[in-house]
Amino acid sequence: MSNFRVIKYSKKNKSRRGILKTKHGSIKTPFFMPIATKGAVKTLTPKQLKDIKAQIVLGNTYHLNLRPGAKIIKKAGGLHHFMNWPGPILTDSGGYQVFSLAKFRKITPKGVIFKDNVSGQKHLLTPEKAIQIQIDLGVDIIMSLDECPPYPCPKKYAHDSMKITTDWAKRGLKYFKKHKKPGQQLFGIIQGSVFKDLREEHAKELSKMDFDGLALGGLAVGEKAKIMYKVIEWIEPHLPKNKPRYLMGVGYPEQIAKAVEQGIDMFDCVLPTRNARHGVLYTWKKEKYAASKNFYQELKIKQSKFKNDLKPVDSSCQCYGCKNYSKAYLRHLFMSGEFLGQTLATLHNLRFYLKLMEKIRNNI
């Protein structure tokens, strides 16, 4: 029986609303996942996440396995208990971090050999090990190990990378079925860079496998947004309608709005939290969102023009920061180096993204 159910399709485009059931609760789709890479959303507590109506968070296998290690997290009762988060958790396989952070890496048919960015110690990460680590973490949604090709890259590189990812997907799926814990789900990741035939081939191939959902990997890695939209357009017709679709690492608010119209259900991105820590806040210009940038603006709170501005960051926002503090106070916190400024800005930006998803769902 499928864990995912579409409850409504749009009459205007390919967007859809659904329910994704997990052991730790049901999630309304489309949805956005705040990033809790190392077991925490930077500057926020789990209670604050619940207060702004986060449905699910995303952790990272690479970082959590290096520090503190999957063994201690398993001993603590799993990642949910370890970080005191009661809702669903998805973990990325760590493949992207291996390719972007490792001091040394070598792709082999067995897996990827790399030196980690913490100790410099050499590791072998196989598709089976990536799955086992995530099983031990006790998370709800597990991601298959993949190779994420850089952009741009030669077509042969993209083809070989895709073939490796397919082999790893098969091995990981076989291992998962044998060792998974009740309620856990596994997603495959579609690669192929920006080549239409490769993307379509990989989408068809992974769609035939018994994954619980499918992700679009290798996007938002340097290509222009219009290229990303084109890749989604190629892939979408080949995806099962009864499984959730996850666009990894995306993105800006208008990109999310556009991708939903193309049939995507799940998103994650560091933008709202990272920008918040640098004093960049998202505010509504228009009540109605659109697949263009004209419905919001980026407010740079450190600018001197906000020194005496006693109005809230966004009068339409009901997050804790906007309800209780002025732009002048928030600027003061950032200029003084007070960590509360980062917390309030992060609360606001994540609430903006979650509110955007609520608007999108209500509009379908």
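About 110 Å³ of space lies in the largest cavity. Keep in mind as you work that this is a predicted model. Have the structure open and take each exercise one step at a time.

## Exercise 1: The largest cavity

Find out which residues and elements line the largest cavity, and sort the lining by class.

**Solution.** 

Step 1. Select the lining residues. They are Thr61, Tyr62, Asn65, Leu66, Ser93, Phe114, His123, Leu124, Leu125, Lys129 and Ile133.

Step 2. H2 gives the most, with four residues.

Step 3. Sort by class. The lining of the largest cavity has six nonpolar residues, four polar and one charged.

## Exercise 2: The second largest cavity

**Solution.** 

Step 1. Start with the count, which comes to three cavities of 30 Å³ or more.

Step 2. Helix H12 (320–324) and H14 are the elements that give two or more residues to the lining. The largest share, three residues, comes from H14.

Step 3. Sort by class. Here the division is eight nonpolar, three polar and no charged residues.

## Exercise 3: The largest pocket

Describe the largest pocket by its volume, its lining and the residues nearest its centre.

**Solution.** 

Step 1. Begin with the volume, which is about 900 Å³ for the largest pocket.

Step 2. Look at the lining. It is made of 31 residues, and those nearest the centre of the pocket are Tyr96, Gln97, Asp268, Val270 and Arg274. Strand S5 (57–60), helix H5 (95–101) and helix H11 (271–277) are the elements that give two or more residues to it. The most come from H11, with four residues.

Step 3. Sort by class. The lining of the largest pocket holds 15 nonpolar, nine polar and seven charged residues.

## Exercise 4: H13 against H14

Helix H13 (residues 327–336) packs with helix H14 (residues 339–363). Are the two helices roughly parallel or oblique to each other?

**Solution.** 

Step 1. Take the angle and distance. H13 and H14 pack at about 130°, and their axes are 7 Å apart.

Step 2. Compare the angle with the cut-offs. Angles over 145 degrees count as roughly antiparallel, and 65 to 115 as roughly perpendicular.

Step 3. H13 passes H14 in a left-handed crossing.

Step 4. List the contact. From H13 come Tyr329, Leu330, Leu333 and Phe334, which meet Leu340, Gly341, Gln342, Leu344 and Ala345 in H14. By class, this contact has seven nonpolar, two polar and no charged residues.

## Exercise 5: H10 against H14

Work out how helix H10 (residues 253–261) is placed against H14.

**Solution.** 

Step 1. Take the angle and distance. The axes of H10 and H14 come within 11 Å and cross at roughly 25°.

Step 2. Compare with the cut-off. Angles under 35 degrees count as roughly parallel, so H10 is roughly parallel to H14.

Step 3. H10 passes H14 in a right-handed crossing.

Step 4. List the contact. Pro253, Ile256, Ala257 and Val260 of H10 make it with Phe352, Tyr353, Leu356, Met357 and Ile360 of H14. By class, the contact has nine nonpolar, no polar and no charged residues.

## Exercise 6: Backbone details in loops

Which residues does a cis peptide bond join, and where does Thr43 lie?

**Solution.** 

Step 1. Find Arg67 and Pro68, which are joined by a cis peptide bond with omega of about 10°. Pro68 is in the loop between H2 and helix H3 (70–75).

Step 2. Move on to Tyr151 and Pro152. A cis peptide bond joins this pair too, with omega of about -5°. Pro152 is in the loop between strand S10 (141–143) and helix H7 (155–179).

Step 3. Finish with Thr43. Although Thr43 is not a glycine, it has a positive phi of about 80°. Thr43 lies in the loop between strand S4 (31–33) and helix H1 (46–51).

Methods. Residues numbered from 1 in each chain as written. Predicted model: local features only at pLDDT ≥ 70, side-chain atom pairs only at ≥ 80, totals over all residues. Heavy atoms only, no water. 1 Å grid on protein atoms, 1.4 Å probe; cavity = no way out; pocket = protein on both sides within 12 Å on 5 of 7 lines; lining within 4 Å. Points joined across faces, edges and corners; volume = space filled by probe spheres on them. Nonpolar A, V, L, I, M, F, W, Y, C, P; charged D, E, K, R; others polar. Axes fitted to C-alpha atoms, helices over the stretch in contact; angles between N-to-C directions. Left-handed = near helix turned anticlockwise from the far one by under 90°. Contact = heavy atoms within 4.5 Å.
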